[in-house]
Every structure is written in structure tokens, then in C-alpha cells.
Amino acid sequence: MATISDPPERGFRLNQLIFDTRYRSMTIQVVAMILIGLLLSWLISNTIHNLEALGKDFDFGFLSQPAGYDINQQLIDYNNQMTHGRAALVGILNTLLVAVLGCALATVLGVVAGVLRLSNNWIVSRLAAVYVEGFRNVPLLLWIVLIFALMTESMPSPRDFRGEDGSSMLLGESVAITNRGVYIPNVVFSRSLGGNEVAAPEAPAAAAATPGTNMAGTYGASRIATGGAGVQTGQANAPDASGGDAGGAAAAGGEVIPTSSGWDWLLILAVVIAGVFGAKVLGKRAAHIQEATGKRPMTLPLQIAAILVPLIVVLVALGASLDKPELGGFNFDGGVHLRNSLIALWLALSLYTGAFIAEIVRGGILAISKGQTEAAYALGLRPGTTMNLVILPQALRVIIPPLISQFLNLTKNSSLAIAVGYMDVRSTLGGITINQTGRELEGMLLLGLFYLVLSLLISGVMNVYNSSVKLKER
Amino acid sequence: MSDTHAQTVAFVRDTMLDQKDPPLNQVGAVKWIRENLFSGWLNILLTLASLWVVYAVLSHLLPWALRGVWDASNLTQCREIIAERYGAGTSAACWAVLTERWPQLIFGFYPKELYWRPILAFLIFLAAVAPVLFSAVPRKMLWVSALAPFVLFWLIWGGSLWGPIAAILGFVIGWAILTFAAPKIGTLLAVILAIVVPLFYWLVICGPLSDALASVVPLSLRAVATQKMGGFLLATIIGVSGIVLSLPLGILLALGRQSDMFIINKFSVAFIEIIRGVPLIVWLFTASLLLNYFLPPGTNFDLMLRVIIMVTLFSAAYIAEVVRGGLAALPKGQYEAADALGLDYWKSMRLVILPQALKISIPGIVNTFIGLFKDTTLVVFIGLLDPIGLSSSIRATTDWNGVYWELFVFIGLCFFVFCFSMGRYSLFLEKKLRREHR
């Protein structure tokens with residue numbers, strides 16, 4: 001039947017490459033490919049020539065050379081004899097620490113502020129609006145520097161805590177906010193899994209507690225750092241991070257020195273996860289019984305017990321106790337020392353990102369039309385159930401993707417640590433290591449790669465989530 | 001029944017009663033306060049807590065700010081004045097640091113006698129953006145907008161006037177080729193020529209031409225080096241150039257990412273993801289440390305230009321994602337309708353798709369711009385003096401060693417005004433462009 005539809009075959013002519021839409025896209029792509037290839041090869045050949053001219057090579061061997069610099073906050077064992085690679089790892093962990101802490105606090109702040117901004121109470125919603133607009137419209141860097149200045153300039157120094165009329169510690173003599181940082185109690189175990197007398201690696205959740213000698217010399221702090229935190233250059237620091245615990249435990253006399261190790265925390269984490277899992281199983285069983293008989297057995301106390309009882313048993317078995325910071329010679333000993341740099345970075349990142357999250361949460365809640373609530377009420381659901389089963393699942397679909405991208409922003413913004421001398425991965429791998437070895441190209445490449453892989457991982461997870469909660473349409 | 005009833009009623013009112021005033025607690029301020037502030041125990045608690053927060057903040061801030069000293073030549077003198085006026089130990093602001101140093105915060109180290117140039121440039125800039133932002137401004141003003149970049153460049157950096165004029169000539173050449181040659185040699189060839197010929201002109205002829213013209217008729221202002229610029233002048237230059245350049249680039253990237261062509265698509269995706277995945281600081285360090293590796297030996301160009309390029313690429317990647325959202329949100333029928341009208345790709349984008357997609361993405365685009373403007377503060381880490389960097393260099397002088405809050409408040413307020421008004425403008429634009437009935 002197709003007698004007139006095909007054009008006569010006239011063979012391929014060269015101008016079809018440009019004027020025939022069937023071939024034009026091919027032409028454009030080939031041209032683009034050639035241009036991109038030319039550009040890349042131009043850049044690469046330039047780089048090779050420049051490296052040759054400088055007498056450098058492209059080599060990652062520096063990662064296994066001794067670093068020779070100290071890092072003032074370590075989550076894993078580190079000293080200046082270890083390699084640049086290890087230093088980079090310490091920096092990565094510091095970045096992740098502030099990112100995780102920041103994401104947690106920012107979520108809390110954002111959800112609270114977002115809900116308050118929708119409140120019927122005029123003054124509360126105005127206050128939330130002031131918070132959101134104030135933090136969204138002022139550069140993050142200014143907030144970081146400002147909070148750091150607030151910590152170092154306006155807080156009492158440790159010696160003000162001496163005597164009766166001086167500053168006092170908070171929360172039952174356990175938390176001290178000083179101009180050198182915040183001291184909080186540490187959880188230590190008298191029957192630690194890592195062994196008690198030997199030096200144990202740091203607990204993952206606790207920031208490094210090096211004793212107070214580390215203000216010795218600073219360099220590498222950025223030009224706008226308002227003083228204080230920097231990089232230790234002195235060799236005077238204690239050989240091991242656990243030295244701080246030893247000082248605090250001296251009062252305990254000849255008994256075993258309570259300490260904490262990663263194993264203890266792993267065990268506790270495992271017990272908590274198992275408890276949560278058990279509570280879920282209980283909940284499912286209750287739902288099952290409800291389906292079968294129509295009566296829901298009492299589960300909440302059981303669920304709470306399933307989480308708490310094993311935890312308490314483990315804590316008692318390990319001999320947990322609080323190691324409170326105590327005023328020593330010039331500074332506080334014991335406990336965990338959160339440096340000003342960490343505190344300033346953490347608070348500024350959380351407050352700043354929290355303002356953005358507040359807007360996301362508000363938008364998410366507003367996006368659910370009122371008809372949904374009314375429909376749920378018409379079905380006879382109570383307000384709590386309505387929120388759990390109808391509103392939240394729909395609002396979360398709107399909220400979660402931008403929320404994750406805010407988390408990503410927070411993680412990337414943590415590279416502003418440079419402003420306060422917090423030793424994150426940019427300061428170790430992308431800062432001091434580059435300065436010492438002169439390997440800008442390799443260092444920056446690795447640094448960029450770290451952030452890139454992190455972003456891609458998180459956005460990959462987000463894509464999976466998105467497709468799982470997507471509205472199922474035809 | 002009704003009869004008997006009618007007889008028993010002695011009085012029937014035949015006029016309506018006057019309306020009574022509503023109860024006092026149901027009108028005016030009292031009602032508003034009851035409904036908005038004290039409608040339940042939770043609300044009462046929240047109200048009291050907020051009032052306490054407001055009081056706590058204001059009772060510290062207001063006396064400090066209002067008692068501030070505006071005329072003193074250094075911090076010690078300022079503190080003496082405060083102690084004299086309000087007694088020792090009173091905390092009060094030393095606004096004198098602003099009266100003393102505000103030119104530095106705004107212009108950096110730009111020569112004092114040349115301050116009129118950035119100020120004039122700012123006024124021209126306002127005149128140039130007005131027709132772009134508000135449709136009520138006469139359309140003829142768009143010529144000011146088109147010429148403004150060259151004039152502004154000349155005013156701020158100084159040097160010979162012939163440089164910008166020679167650069168404009170390149171655009172004129174490109175336009176002339178498109179207009180006059182296109183009918184004779186075909187659109188495609190004309191477009192290629194309109195790109196290649198001006199490029200060749202700028203790279204080869206432009207420099208010698210402007211030098212030759214300058215040697216005949218020297219029309220020049222005193223040149224000012226980039227290193228002298230700082231403060232809000234620097235932030236505005238970087239921010240505005242970044243904004244102006246990144247929007248078209250971002251739109252192109254978004255179109256590339258939506259494209260069916262495999263290579264264009266993958267290249268756009270890789271570019272966007274790589275740029276977005278790495279923090280701006282790392283890109284800025286790349287610009288200052290590594291760019292020399294990637295360029296031919298001996299190339300060395302202005303640090304500010306490098307920063308502008310990096311900031312532009314960075315925000316272009318973000319804008320591309322925002323615009324892609326807008327493109328994806330359009331119903332497929334719009335694309336098909338444009339095709340059915342017989343429009344080619346660029347025409348369908350320009351006339352049908354982009355106007356709608358950009359309208360949807362206005363809030364996101366403006367948010368990206370606000371972020372870009374705030375991110376200009378990061379240049380301090382590679383040695384340019386942005387306002388925050390200047391605040392620490394002011395603090396480093398003996399006169400003002402120890403001044404923190406006054407400078408922070410000033411810088412923060414300036415940024416707030418800029419960014420907040422950008423946000424308000426985006427709301428205004430959304431409202432203006434809203435077509436559907438509400």
C-alpha cells in the first residue's frame with residue numbers, strides 16, 4: 001500500500017548532514033565531541049608542560065610520607081609521625097563529625113521554626129520569620145566568624161570559674177562554657193572492652209580530649225580567624241589522646257582507670273539498634289492482634305522497656321560513669337573538650353541551614369491541601385492519626401528531597417571551617433599537606449573527589465528514595 | 001389555631017431592632033489579642049515565652065546600640081567617652097569605627113580622590129537595571145543597559161576609553177553579519193560567522209586597534225588596579241557579573257541536560273554534577289592555585305577575573321538545575337504544540353517553552369542569585385578583600401583592635417538589605433507574572 005509515502009532514493013548527499021534533521025543532530029554531536037576533545041587535550045597538554053617546567057611529576061606517593069604536623073581534634077589515633085594519608089582521614093572524619101552534628105541540629109531547628117512560622121500566634125510566627133529571614137539573608141561566613149568571636153570574646157575564661165563569686169558550671173557542675181571551648185562530661189567505663197590500663201582509641205562519639213597544652217603555637221589559622229584555634233606545632237602535646245582521661249581519673253586513686261574505647265560504643269550502638277528492632281517487632285505483633293481480634297494490646301511500655309532495659313544492663317555491666325570536667329591548673333581537665341572552632345562552626349551551620357529547612361518544612365505543610373485533613377476527619381480519624389497516616393506521608397514526599405539537598409549544602413559549607421581554624425579535610429589534605437609537599441594538583445584533585453563522591457552517594461540514595469515514594473501513576 | 005393566636009398577641013413589632021454593638025471582647029484590638037495571642041494554654045505559654053525572648057534580646061541590644069558613640073578616633077578614646085557618659089563598665093557600641101572607616105568597608109583601598117567613579121558607576125548601574133527589572137520604565141532605557149557594562153568597566157578600572165569602544169565594535173560586527181549577510185549566505189553560515197569573526201577580532205585586532213586609537217586621541221581615566229578594590233565594591237562587582245553571566249549559561253546547560261543528543265546531554269550532566277558536588281571554596285582555591293597549570297605557560301590573568309569565572313560557572317550549574325525543574329514541570333503538550341506550529345528548536349524554546357519554564361523557576365533562580373551574592377564573601381580566603389576580610393584588617397590596626405560587633409552589625413545589615421530586597425523583588429515578579437485566576 002505504501003506506494004507514495006517513500007521519497008525517491010537519491011543516495012546520500014553531503015549537505016544532508018546540515019539540512020536534514022535526521023543527520024543534523026549527529027553532525028552537531030560530532031562537532032561538539034571534537035571541540036570538547038580539543039579543549040580537554042589542550043588543558044592536559046598545558047598541564048603536562050607546566051608540570052615539566054616546574055620539575056614536578058604527578059604522583060600520589062606523598063600520601064604515605066610522614067605528615068609532620070599535629071591536628072588539634074582527632075577522632076582516631078593520630079600523631080605527627082603518621083602519614084599524610086592518615087592526616088587526611090582524620091580531616092575527613094572531622095568534616096563528617098561537624099556535618100552529622102550540624103544536620104541533626106539543623107533539622108530540629110528547621111522543623112521547629114517551620115512549624116512555629118505557621119502558628120496562629122502572631123508574635124511566635126513573627127519571631128520565626130525574623131529568624132528565618134535574618135539567617136537566610138546574611139552570609140554564612142559572617143555567622144561563623146560572629147559566633148566564634150562570641151565564644152572567644154564574651155565567655156568567661158577558665159580561671160573565672162575559681163572561687164565563689166566567679167562563673168559557675170551548668171547542669172550540676174558538669175558543663176563549663178569557657179572562652180577556650182565547651183567542656184562536657186565524658187562517659188567512661190571501668191570494665192571497658194578495650195581494656196582499662198592500656199591506652200585505648202578514642203570513642204567515636206567523643207571529640208578528642210587532648211590536655212590543655214595545645215594552645216602552644218598556632219599557624220595555618222586563616223587570615224580572618226579571630227585567634228585561638230589553629231594547628232599545633234609544638235611537640236609538647238601528650239603522646240596519646242587518652243592522656244586527658246588519665247588526668248581526670250587520678251582522683252580515683254589506685255583503682256582501675258575508667259576509660260572508653262570504640263568497642264564499648266559499638267556494643268552500646270548494637271544494643272540500641274537491637275532494642276529498636278525489638279520494639280518494632282512488638283508493634284507489628286500488636287497490629288497483628290488488632291487485625292485478628294479488634295483489640296489492641298498495650299504496647300508502649302513494653303516498647304520503651306525493650307529499648308531501655310538492655311541498654312541499662314549493658315551500661316551497668318561495663319561499669320559506666322560520668323567523667324566530669326574539673327578545674328585543673330590553668331584549664332579544665334577530664335571530660336570532653338569541644339573546641340570553639342567546632343562549636344562556632346556547628347552552631348553557625350545549623351542555624352543557617354535551619355533557616356532554609358524551616359522554609360522547606362513550611363512549604364511542605366502548606367502544599368498539603370486542607371481537603372486532605374477534612375477527608376481524614378470525615379473518615380473518623382483522630383487528629384493524631386490524621387497527622388501520622390494522611391498528612392505526614394504526603395508532606396514528607398515534598399519535604400525530603402530539598403531537605404537532603406540542604407544536608408548536602410551543609411556538608412559542603414563545612415569547608416568554611418577555614419575561617420575558624422577547624423581541622424577539617426580541607427585544612428589537612430587541602431591545606432597543610434599541600435603547603436608542605438607542594439602537591440597542589442594531586443591534593444586538590446583528591447579533595448574535590450572526596451566531596452564529589454560524598455555528594456553523588458547521597459544524591460544516589462535520594463534518587464532511590466524518590467522513586468520509592470513517587471506517586472504511583474499509570 | 002392561628003386565629004386564636006392572632007387574637008392573643010397584644011403587640012406586634014413592625015420595625016426592626018437597631019443592630020447592637022458586638023461585645024467589647026469581640027472587636028478591635030481585644031479580639032485580635034484574644035484570638036492571636038491568648039487563645040489557649042499552649043498559645044499563652046508561647047506568647048509569654050516569645051515576649052520574654054524579645055525582651056531579653058532588646059534589653060541587651062537597644063541600650064548598647066542607642067548609647068553608642070559616633071565620634072571618636074580610636075577605641076580607647078571611645079571607651080573613655082562611654083565611661084565618662086554612662087559610668088565605667090557600661091557596655092555601649094563604638095559606632096565611631098563606622099564613621100571613621102566606612103569608606104574602607106565600602107570601597108576597599110580605592111583611591112580617595114576617585115570615589116566619585118564607583119559612586120557614579122553605581123548610579124549608572126541602577127539606571128541600567130531599572131528597565132530590566134521593571135516594565136514600567138521606558139523601553140528606550142534598555143540601550144543604557146546594553147552599554148552599561150562597558151561604561152561601568154571603564155569607570156571602575158579606568159584606563160583608555162578606546163578599549164571598551166573597540167570591544168563594543170566586536171558585537172557590532174557580529175550583529176552586522178547576522179543582519180546583512182544572513183539573507184545572502186544562509187542563516188547557519190551567518191551564525192557561525194557571527195561567532196567566529198568577532199572572536200577573531202577580539203583576540204587579534206581589538207588590542208592593537210584600541211592602542212592605536214589611544215595614541216591618536218588619548219581619552220583615559222587614571223587606571224586603578226584590582227588589588228585596590230575591596231569591601232562592598234568588590235562584592236557587588238563579583239556578584240553582579242556572576243549574576244549577569246550565569247543566567248544565560250545556566251539556561252544553556254539546562255537545555256543541554258534536557259537534550260536528546262547523547263554527547264551534549266552527558267557533557268552537561270557531568271559538568272553540572274561535578275561543579276555542584278564540590279564546595280565553592282575548593283573551586284576558588286583551584287582558581288587561585290591550579291589555574292596556572294591548565295593554561296599555557298606564562299599566562300597570568302587577574303585574580304578577580306578568575307574568581308568571577310569560577311563564581312559564574314558555580315552558580316550556572318545551580319541555575320541549570322533550577323531551570324531544569326521548570327522545564328520538567330511543563331506539560332508535554334506545550335512541547336508538542338510548539339512542534340505542531342512548525343517552530344524550529346530555538347524558536348520553540350524562545351517563544352513557547354522558556355517563558356513558561358523561567359516563570360516557574362523564578363524563586364529558585366533568585367535564591368541562587370542571593371546565594372551567589374552571599375558567597376562573594378568567600379573570596380577572602382584567596383586574598384581578595386571582601387567586607388568581612390576588611391573587618392579583620394580594620395581590627396588589626398592599633399586604633400581599632402578589639403572592635404567586633406559594630407563591624408559585624410554593619411556588614412550583616414548591608415548584606416541583609418541587598419539580599420532581602422532581591423527576595424522581595426522575586427515575590428513581586430511572581431505576583432506580576434501570575435496568569436491563572438486565584
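## Packing of two helices in chain A

In this predicted model, helix α12 (residues 383-413) of chain A packs against helix α14 (residues 440-469) of chain A at an angle of about 175 degrees, with the axes 10 Å apart. Axes are lines fitted to C-alpha atoms, for helices over the stretch in contact, and angles run from 0 to 180 degrees between N-to-C directions. α12(A) is therefore roughly antiparallel to α14(A), a term for angles over 145 degrees.

From α12(A), the residues R397(A), I400(A), P401(A), I404(A), L408(A), T411(A) and K412(A) meet residues of α14(A) that include Y451(A), L454(A), I458(A) and M462(A). Two residues are in contact if their C-beta atoms, placed from the backbone, lie within 7 Å. By class, this contact between α12(A) and α14(A) has 10 nonpolar, three polar and two charged residues. Ala, Val, Leu, Ile, Met, Phe, Trp, Tyr, Cys and Pro count as nonpolar, Asp, Glu, Lys and Arg as charged, and the others, Gly among them, as polar.

## Overall form of chain B

Chain B has 17 helices and two strands; these are DSSP runs, with helices (H or I) of at least four residues and strands (E) of at least two, numbered from the N terminus. Its C-alpha atoms fill a box of roughly 110 × 80 × 45 Å, taken along the principal axes. Of the 438 residues in chain B, 29% are buried, a residue being buried if 20 or more other C-beta atoms lie within 10 Å of its own.

## Where chain B meets chain A

On chain B, 48 residues are in contact with 49 residues of chain A. Elements giving two or more residues to this side of chain B are α3 (41-66), α11 (262-277), α12 (280-294), α16 (387-395) and α17 (405-433). The most come from α12(B), with nine residues. The side of chain B that touches chain A divides into 34 nonpolar, 12 polar and two charged residues.

## Annotated regions of chain B

An unreviewed UniProt entry gives the annotation "domain: ABC transmembrane type-1" for residues 232-426 of chain B. This span is 80% helix and 0% strand, and its end C-alpha atoms lie 22 Å apart. UniProt also places the feature "transmembrane region" (unreviewed entry) at several spans of chain B, including residues 267-291 and 357-384. Residues 267-291 of chain B are 92% helix and 0% strand, with end C-alpha atoms 21 Å apart. For residues 357-384 of chain B, the values are 68% helix, 0% strand and 37 Å. Such annotations may be inferred rather than shown by experiment.

## Basis of the description

Local features need pLDDT of at least 70 and side-chain atom pairs count only at pLDDT 80 or more, while totals for chains, interfaces and linings use all residues. Residues are numbered from 1 along each chain as its sequence is written, and chains are lettered from A and ligands numbered from 1 in the order in which they are written.

Technical notes: A residue is buried if 20 or more other C-beta atoms lie within 10 Å of its own, exposed if 12 or fewer, and partly exposed in between; C-beta atoms are placed from the backbone. Angles under 35 degrees count as roughly parallel, over 145 as roughly antiparallel, 65 to 115 as roughly perpendicular and the rest as oblique.
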